[in-house]
Amino acid sequence: MPIELQIQVMPEVAAKPQLLTEHVARLIKTKPEEIRHVAIIKRSIDARQKSVKVNLKVAVYHNEEYQENKFRLPDYKDVSNNKEVIVIGAGPAGLFAALQLIELGLKPIVLERGKDVQERRRDLKAINRDHIVNEDSNYCYGEGGAGTYSDGKLYTRSKKRGDVDRILELFVAFGAAEDILVEAHPHIGTNKLPKIIKAMREKIIEFGGQVLFDTRVTDILVKNNEVQGVVT
Ligand SMILES: Cc1cc2nc3c(=O)[nH]c(=O)nc-3n(C[C@H](O)[C@H](O)[C@H](O)COP(=O)(O)OP(=O)(O)OC[C@H]3O[C@@H](n4cnc5c(N)ncnc54)[C@H](O)[C@@H]3O)c2cc1C
């Protein structure tokens with residue numbers, strides 16, 4: 001088992017693997033060359049004092065082999081001929097639900113009232129420049145959902161409810177920086193989010209799901225207490 005340590009270091013030590021290894025070696029009273037790897041598990045910055053420090057939770061691989069963890073997508077299988085499930089909305093909930101459905105061998109059909117994430121940009125421009133709001137494609141509606149064109153900090157209260165690591169790993173597999181796995185306040189960045197969302201949609205389609213834009217659900221059809229379908 002690697003040794004887990006909670007440490008506070010100067011920013012340059014946190015940034016340079018060699019300095020970090022030397023620092024950790026001193027702490028566990030060994031030689032740096034005897035440490036195989038220092039993996040950062042969590043990182044946060046303490047800027048309350050004049051001298052900024054970095055808090056790190058690290059796993060020190062001293063006597064054991066370190067295997068690099070490459071975040072890959074699940075082994076999705078083609079679901080194009082499988083049972084269909086309608087997903088309303090291509091926000092984060094809808095996109096992750098669609099991917100989960102594919103993992104479970106079901107075919108997601110995502111119905112999104114707005115436009116795809118790139119087309120949406122034009123409607124945002126129209127809001128800012130001409131003060132014209134498209135009621136189906138704006139800052140809240142459209143592929144990627146409400147936060148897509150904000151600054152992409154990942155806020156969640158789910159820590160109390162369950163493990164969010166899997167979601168972060170999927171974001172990395174779809175193109176987010178690996179830093180989000182260790183930062184105390186993970187931040188994807190507005191510039192990267194649209195590409196990640198596009199990659200998610202392409203994966204859904206590649207494995208047999210469907211994503212339909214400009215498709216607003218106006219009613220849910222219920223018969224004998226069972227959902228039969230939706231009206232668009
Ligand atoms: C301005 C703003 C900035 C934000 N910034 C951040 C941030 O930086 N970090 C962060 O973590 N969170 C942020 N949030 C919160 C975050 O966006 C939401 O928590 C998240 O989007 C919720 O995801 P969701 O999939 O549940 O819903 P939504 O994102 O609202 O997605 C719902 C989707 O359904 C579609 N839809 C709605 N009605 C219909 C219909 N009748 N038929 C078909 N499709 C429909 C919508 O177009 C939308 O794409 C921000 C929210 C706003 C409004």
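Predicted model: local features only at pLDDT ≥ 70, side-chain atom pairs only at ≥ 80, totals over all residues.

Reply: Let's start with Glu 183, which is partly exposed because its relative accessibility is 23%. Glu 183 makes a salt bridge with Arg 43, and their closest N and O atoms are 2.9 Å apart. Glu 183 sits in the loop between H5 and helix H6 (193–206), while Arg 43 belongs to strand E2, so this pair ties together parts that are 140 residues apart in sequence. Arg 43 itself has 19% relative accessibility, so it counts as buried; the cut-off for buried is under 20%.

The partner of Arg 36 is Glu 65, with the closest N and O atoms 2.9 Å apart. Glu 65 is exposed at 59% relative accessibility, whereas Arg 36 is partly exposed at 47%.

Lys 107 is in strand E5 (residues 107–111) and Glu 84 is in strand E4, so the bridge ties together parts 23 residues apart in sequence. With a relative accessibility of 10%, Lys 107 is buried. Elsewhere, Arg 113, Glu 135, Asp 136 and Arg 216 are joined in a network of salt bridges. The whole count comes to 17 salt bridges.

Now for the rings: the structure has 3 aromatic pairs. In one of them, Tyr 61 and Tyr 66 have ring centres 4.9 Å apart and planes at 65°, so they pair edge-to-face. Tyr 61 is buried at 16% relative accessible area, while Tyr 66 is partly exposed at 28%. Phe 96 and Phe 171 are edge-to-face too, with their ring centres 5.3 Å apart and planes at 85°. That pair links distant parts of the chain, with Phe 96 in helix H3 (residues 92–103) and Phe 171 in helix H5 (residues 165–173), 75 residues apart. Phe 96 is buried at 14% relative accessibility, and Phe 171 is buried at 10%.

Back to Tyr 61 for a moment: its C-alpha is 6.7 Å from that of Ile 3, though the two are 58 residues apart in sequence. Ile 3 lies in strand E1 (residues 3–9) and is partly exposed at 33% relative accessibility.

Methods. Residues numbered from 1 in each chain as written. Heavy atoms only, no water. Phe/Tyr/Trp six-rings, centres within 6.5 Å; stacked < 30°, edge-to-face > 60°. Buried < 20%, exposed > 50% of the residue type's maximum accessible area, 1.4 Å probe, protein only. Helix = DSSP H or I, 4+ residues; strand = E, 2+ residues; numbered from the N terminus. Salt bridge = Lys/Arg side-chain N within 4 Å of Asp/Glu carboxyl O.
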